[in-house]
Amino acid sequence: MTVQAKETSARLAPDDYLRVHVCRLFMKSLLRFLLFVVIAAAAVGLLYLWRNSEPAVETSSLSQSNRSLLTALDREFTTLVNQVLPSVVSIEAIPADAIDPRLQMLRWLFGGNEPNSRPSGSGVIVSDEGHIVTNLHVVNGASAVQVQLADGRTLPAKFVGADGPSDIAILKIEAEDLRPLPFGDSDKVKVGQMVFAVGNPLGLQETVTQGIISAKGRRALSEAANEFFQTDAAVNPGNSGGPLVNLEGSIIGINNSISPQGQGIGFAIPSNTVRRVFESIRDHGRFIRPWFGAYMRSLTPQLAEQLGLPDASGVLVMLTYEGSPAEKSGVKPGDVIVEFNGKAIRDLIDLRNRVVETSIGQNFTMRVRRDGEEMTLQTVLTAEPAS
């Protein structure tokens with residue numbers, strides 16, 4: 001102990017010395033506690049920052065990734081639409097009274113539509129030679145047809161031919177720098193597939209809507225005797241004849257009608273049917289329909305039970321025409337056709353559509369039920385006889 005400390009101790013009473021010593025110990029403990037609190041707080045803060053820094057970076061990274069993906073998708077969509085639009089045309093069907101002033105006035109006087117009233121629709125260019133596919137109901141009864149291209153040119157269109165049962169008509173224009181769209185394979189279309197409908201709804205040219213294929217194989221929903229694609233891509237009056245395209249920019253259907261029961265339901269003729277009609281009309285001036293040559297009827301549950309059949313699927317043959325492919329194949333009255341060209345047959349409409357899908361001159365097989373047994377027959381379809 002130093003001299004000064006000894007002097008101080010000598011001056012302090014025993015009680016005072018004890019108080020000073022306790023105070024010193026308290027201050028040392030307080031300083032240690034405060035230091036511990038500071039260190040602990042710093043550690044907790046660093047731990048919090050460390051645990052939250054990774055998610056923040058990850059969230060930012062995901063956000064940037066999503067933004068890039070959406071930007072790329074947006075770019076692909078706009079590129080696709082810009083490729084398709086030049087191929088889609090607006091069609092104006094001009095009735096006779098719009099050309100003959102006397103007929104026009106008579107129609108107006110006796111309560112007809114207003115003078116110069118003209119129905120409109122859509123179409124799509126499908127060849128470099130200027131062939132245009134549309135619906136027959138768009139141009140049916142017109143004395144003249146005008147087509148407006150996406151670049152603003154308005155041209156007269158020649159009527160090349162049509163097929164009533166499929167509601168397909170083929171027009172032709174004479175023009176340079178046309179942009180035809182290719183046909184896609186409608187047999188490969190799947191429910192849920194994304195599609196775009198392009199056309200001239202309500203007179204609004206170059207309208208594009210997007211949706212999906214909602215269903216396949218819809219029937220008897222318009223003048224056409226086809227099976228249809230159902231789509232939720234918005235279509236309205238004026239879209240008829242315009243294309244339904246896939247993400248590759250190929251035609252997978254021709255828009256044909258909308259549901260009268262509700263909005264958001266449109267129907268399109270599958271592209272394989274359209275292409276078949278187009279190629280036949282282009283090459284022969286008319287659609288040469290494949291011919292099977294039998295009079296048949298759909299089965300009912302009652303009829304199937306009477307015939308001892310396991311179910312009502314298939315078509316009952318009533319008679320075959322002499323010299324027809326049906327007769328040559330060995331089909332007999334009383335046979336039930338249950339499969340045609342590898343596809344199961346539900347009813348007469350189904351069989352009719354399968355026949356139309358089969359090329360003339362093509363060998364095909366079918367399965368029939370006869371006297372409780374199934375057999376396979378072969379034949380070749382021919383062209384439907386001229387009526």
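Tutor: Let's start with a term: on a 1 Å grid over the protein atoms alone, a pocket is an open set of points with protein on both sides within 12 Å along at least five of seven lines, and a lining residue has an atom within 4 Å of a point. This model is predicted, and local features need pLDDT of at least 70, side-chain atom pairs 80 or more, while totals for chains, interfaces and linings use all residues. Residues count from 1 along each chain as its sequence is written, and side-chain values use heavy atoms, without hydrogens and water.

Student: Which residues lie nearest the centre of the second largest pocket?

Tutor: Phe292, Ala294, Met296, Arg352 and Val355, out of 15 lining residues. Helix 8 supplies the largest share of that lining, 5 residues, and strand 13 (290-291) and strand 14 (294-298) each give at least two. The volume of this pocket, meaning the space filled by probe spheres on its joined grid points, is about 300 Å³.

Student: What makes up its lining, by class?

Tutor: It has 11 nonpolar, 1 polar and 3 charged residues. Phe292, Ala294, Met296 and Val355 count as nonpolar and Arg352 as charged, because the nonpolar set is Ala, Val, Leu, Ile, Met, Phe, Trp, Tyr, Cys and Pro, the charged set is Asp, Glu, Lys and Arg, and the others, Gly among them, are polar.

Student: What about the largest pocket: how much space lies in it?

Tutor: About 590 Å³. Of its 29 lining residues, Glu227, Pro270, Asn353, Arg354 and Glu357 are the closest to its centre. Helix 8 (348-357) gives two or more residues to this lining, as do helix 5 and strand 17, among others.

Student: Why is residues 271-284 called a helix, and how far does helix 5 reach?

Tutor: Helices are DSSP runs of H or I with at least four residues, while strands are E runs of at least two, numbered from the N terminus. Helix 5 has 14 residues, so it passes that cut-off. From first C-alpha to last, helix 5 reaches 19 Å, close to the 20 Å expected, which is 1.5 Å times one less than the number of residues. Just after helix 5, Gly285 has a positive phi of about 85 degrees.

Student: What makes strand 16 mostly covered?

Tutor: In strand 16 (residues 336-340), 4 of the 5 residues are buried, meaning under 20% relative accessible area with a 1.4 Å probe, protein chains only (exposed is over 50%, partly exposed in between).

Student: How do you know that strand 16 and strand 18 pair?

Tutor: Pairing takes at least two DSSP bridges. Strand 16 has 4 to strand 18 (residues 363-370), so the two pair, and they run antiparallel. One of the partners of Val336 is Arg369 in strand 18, and Val336 is also the partner of Leu316. Strand 17 (residues 343-344) pairs with strand 16 over 2 bridges, and those two form a hairpin with 2 residues between them.

Technical notes
On a 1 Å grid over the protein atoms alone, a cavity is a set of points where a 1.4 Å probe fits but cannot get out, and a pocket is an open set with protein on both sides within 12 Å along at least five of seven lines; lining residues have an atom within 4 Å of a point.
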